[in-house]
Amino acid sequence: MQQKDVLPMKAEKADKRLSAKPVISGSEAVIRSLIAEGVDTIFGYPGGAIMPIYDALYDFQDQVHHILVRHEQGATHAAQGYARSSGKVGVAFATSGPGATNLVTGLADAYMDSTPMVCITGQVAASLLGTDAFQETDVIGITMPITKWNIQVTRQEDIPGAIAKAFYIARSGRPGPVLVDITKNAQVGECEYEYVPCTHIRSYQPVPELRLDAVKEAAALINSAKKPYLLVGHGVLLSGAEKELIALAEKAQIPMASTLLGLSAVPVDHPLYVGMLGMHGNYAPNILTGECDTVIAVGMRFDDRVTGDVSTYVANAKVIHIEIDAAEINKIIKADVALHADAKTALQALLKEVQPAKHEEWLAEFRAADKKEYDKVQHRELYPEAGELKMAEVVRLISEKTKGEAVLVTDVGQHQMVASRYYRFKNPNTNITSGGMGTMGFSLPAAMGAKMGTPEKEVVAVIGDGCFQMTLQELGTIYQSKIGVKIVILNNNFLGMVRQWQQLFFDKRYSSTEMVNPDFVQIAKGFFIPGKKVTAREDISAAIDEMLATDGAYLLEVVVEKEDNVFPMIPAGTPVTTIRLE
């Protein structure tokens, strides 16, 4: 279909259709350019400096759906959730000044977690730049360290090119957020419009060329390994390399462990999957990191939460690092062989060179360590016989009742670690969480975006009582836009993770971590969202059934054990082999 067939012109500009290129306002150029990029959903909040763009949006409501959030931070997290669940670029709008600065947390979160997002902000007129005009803020300077690219557009004729470049940069190579700041004069001025998608930028090479000699060198290490080990990062999901990864693991019988953001790349019930890495990950994949002789790290950056004490991490192993971003190679852990490439491309090449193998004794070590964790930690957490409700048993029931197929969106803290450990992910891109930034308040708006991106899937937001109160105003967005997310608040009346650290490392000096909470169910009802509060074990199963059976949004508050701790745990800065089970 031709672009002119799907992009209607304003009636008042009908006389300009005779020109080879239509003459339209910069604001209309913004909307037409977004539609040309396939954008169907925008999350945003209007204001003075972006009002012309919202006026242009009015004429395209049948082609692009705008979700009115209740706070600009919510727009960015919603765009992140949309991008992570759908695989598309998330889009957010905000006005100048405080509207633009309210995007900062979401931009930083997306930057850390490599989430493709384009944020468009309005700005004061170019003639007022630098004069401290009303709601003028240097959003370019503020966001430069936390965006993959940003640009300020002061001329209307530059808008289509800037947006084309923004989308190309956001989605190519290692994805990330981009910000386009458009002055008001550029929005209202007219220009000839032509949209040319960006496919190349000189000096920018998002997809490096794979060196086949390095592939052969890596394959030789894997083929000679006695205890090979695959570390699965977010890059596997970003490159769509799940099948290649599993095929490599199955061919050479290599155990696979996942980072927090790598969760869902491998079905949890896969016989070669051995659990989650990191501070609150599983016992086996952490304790046996010190035993492996060859590590194949795929699309992960050796975050400090994974490595612990870097000086001791994989000290006895050869390291093969598959990574699309050259800046991450040798940054933290020195690679013996670096495959600077897209994960899918590298794994496809490795598959041809790696020989079939069996490592039954090595895999048995993981199973033995698994049993130790289950006996010491998991059994009492998942199947408690008495006492207060446990976070883990709630997550287990949600996992069973959704068959591990829901999109699970979590915030940050104890509930995040418990949900990540005990939800039985089956399908790719069904774990959405704030990893690198650890942003409280992420889950509720991100769940909205995830549901908009994949409306056919059940989306369950698992949130702590502290995190929920960071962005609970987005209940208004959920109600107005009829977004059918299921919200589970695990309420322990504490900032749980901080309290756990205070208990273990600060002599139980609980400074400013106990919460006096409101009635969450009543708050939900104020937004016309049904809900229920559960305090007894015998009621939780039926309550989850009711939540999942409800057509539309639902809030379930579950009061859980107040001073429950999350184990295993690796004390910060110590070797991963010091992981504690209690």
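Modeller: Before anything else, a cut-off: a residue is called exposed when its relative accessible area is over 50%, and buried when that area is under 20%. Keep in mind that this is a predicted model.

Colleague: Then why is lysine 403 called exposed?

Modeller: Its relative accessible area is 58%, and the word applies over 50%, so lysine 403 counts as exposed. You'll find lysine 403 in the loop between α17 (391–402) and β15 (407–410).

Colleague: What makes the backbone of lysine 403 worth a look?

Modeller: Lysine 403 has a positive phi, about 60 degrees, and it isn't a glycine. Most residues other than glycine have a negative phi.

Colleague: And valine 314: buried or exposed, and how do you know?

Modeller: Buried: the relative accessible area of valine 314 is 5%, and the limit is under 20%. Valine 314 also has a positive phi, about 40 degrees, without being a glycine. Its place is the loop between α14 (304–307) and β13 (318–323).

Colleague: What covers the buried residues of α6?

Modeller: The cover includes α4 (72–86), β5 (117–123), α7 (139–143) and β7 (177–183). The buried residues in α6 (residues 104–112) are Gly106, Leu107, Ala108, Asp109 and Ala110.

Colleague: And what do the buried residues of α12 pack against?

Modeller: They pack against β9 (228–232), α11 (234–238), β10 (256–258), β12 (294–298) and α15 (343–353). Among the buried residues of α12 (residues 242–252) are Glu242, Glu244, Leu245 and Ile246.

Colleague: Why is strand β18 called largely enclosed?

Modeller: Six of the six residues in β18 (residues 486–491) are buried, so the rest of the structure largely encloses that strand. Both faces are covered: one side has Lys486, Val488 and Leu490, the other has Ile487, Ile489 and Asn491.

Colleague: What makes the peptide bond from phenylalanine 567 to proline 568 stand out?

Modeller: That bond is cis, with omega near 5 degrees. Most peptide bonds are trans. Proline 568 lies in the segment after β20.

Colleague: How many cavities of 30 Å³ or more does the structure hold?

Modeller: One. The largest cavity has a volume of about 40 Å³. What makes that space a cavity is that a 1.4 Å probe fits inside but cannot get out.

Colleague: Which residues line the largest cavity?

Modeller: Arg84, His234, Leu237, Leu261, Asn429 and Asn431. The lining divides into two nonpolar, three polar and one charged.

Colleague: Why is one of them counted as charged?

Modeller: Arg is in the charged class, along with Asp, Glu and Lys, so Arg84 in the lining is the charged one.

Terms used. Residues are numbered from 1 along each chain as its sequence is written. This is a predicted model: local features need pLDDT of at least 70, side-chain atom pairs count only at pLDDT 80 or more; totals for chains, interfaces and linings use all residues. Side-chain values use heavy atoms; hydrogens and water are left out. Buried means under 20% relative accessible area, exposed over 50%, partly exposed in between (1.4 Å probe, protein chains only). Helices (H or I, at least four residues) and strands (E, at least two) are DSSP runs, numbered from the N terminus. On a 1 Å grid over the protein atoms alone, a cavity is a set of points where a 1.4 Å probe fits but cannot get out, and a pocket is an open set with protein on both sides within 12 Å along at least five of seven lines; lining residues have an atom within 4 Å of a point. Grid points are joined across faces, edges and corners, and a volume is the space filled by probe spheres set on the points. Contact means heavy atoms within 4.5 Å.
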